[in-house]
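Dear colleague,

Please find below the structure that I am handing over to you.

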Amino acid sequence: MYMVDSVTADLRGDIGIVTINRPAKRNALRQKDWIKLADTLNELGENNDLRCLIIKGAGDAAFCAGADISGFESERSTREKVKLYEEVTARAFDAAHTCQIPIIAMINGFCLGGGFELALGCDLRIAGVSAKFGVPAKNVGLFLSYSLLELLIDAGGKATAIEVLLEGRIFTATEAKSKNLITRVVDDEKLFEETMSVARNVANGAPLTAKWHRKAIRRIDQSGSYSSTELDEQYDYADSEDYEEGFKAFVEGRKPIFKGK
């Protein structure tokens, strides 16, 4: 394991576990912590030996309670400071959303504000039944960026986004699942086991297939017709070593060994 202060990374074979490590603060993050989180995700995203990442919070109280309020005066008290802070946090959210490796948010306890936004940037969100969600922006008078609003709307739709932001209330994992804001709800004591099982399922698949599907799904959300290049790219998989290995293994009745090539 190597440590980057408030963020740790534990590599378990082809699965990486990133832990937000400020349990005494419910894993709320300062500006410098968001920077470290982004750096860690970007670094791991370039590791060709990894097939899946998990982001979790240290301790039992929270995945991430958002921004550390003790830093508001020094980090967010003026327009200039707010702009810099938002650029920093946007880099962390973007690192999760655009990572080359699929990411699962393992959510226990509180998942609020920036923590919820971080989770929305991940591909899958698995929560313990006692997890709590919310974006209490209205209580501070702040505005979510357009990119974060897009993540919220992509997950739950416009009606849910309006409800979450206008009410600003805390809601349960069961309600979050009913609004499509999270992927799965499991018993608290089985959260790590279930998340690792899902990560293993992801990691066992062809990495290029995961990459192509994630890219295509996000492209479908955009407006405009597909270009001739995009339509032709649908068949790129047929030129890959993984596809050759995959169909040969299928025919031979054995488990494929994918190399991401």
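This is a predicted model: local features need pLDDT of at least 70, side-chain atom pairs count only at pLDDT 80 or more; totals for chains, interfaces and linings use all residues.

Residues are numbered from 1 along each chain as its sequence is written, and side-chain values use heavy atoms, with hydrogens and water left out.

Helices (H or I, at least four residues) and strands (E, at least two) are DSSP runs, numbered from the N terminus. Two strands pair if DSSP finds at least two bridges between them. An open sheet of 4 strands shows mixed pairing and has the order β5-β7-β9-β10. Its edge strands, each pairing on one side only, are β5 (62–64) and β10 (171–172). Strands β5 and β7 (residues 110–112) run parallel and are joined by 2 bridges. Within this part of the sheet, alanine 62 stands opposite phenylalanine 110 of β7.

Most residues other than glycine have a negative phi. Arginine 26, however, has a positive phi near 55°; this residue lies in the loop between β3 (15–20) and α1 (31–45). Asparagine 180 also has a positive phi, of about 65°, and its place is in the loop between α7 (173–178) and β11 (184–186).

A salt bridge is a side-chain nitrogen of Lys or Arg within 4 Å of a carboxyl oxygen of Asp or Glu. By this rule the count comes to 13. In one of them, arginine 200 meets aspartate 14, with the closest N and O atoms 2.8 Å apart. Arginine 200 lies in helix α8 (residues 191–204) and aspartate 14 in the loop between β2 (7–12) and β3, so the pair ties together parts that are 186 residues apart in sequence.

How exposed are the partners? Buried means under 20% relative accessible area, exposed over 50%, and partly exposed in between (1.4 Å probe, protein chains only). Arginine 200 is partly exposed at 30%. Aspartate 33 forms a salt bridge with arginine 22, the closest N and O atoms being 3.8 Å apart. Here aspartate 33 is buried at 0%, and arginine 22 is buried at 13%.

Arginine 169 and glutamate 163 form another salt bridge, at 3.0 Å between the closest N and O atoms. A network of salt bridges links Glu163, Glu167, Arg169, Glu175 and Lys179.

Yours sincerely
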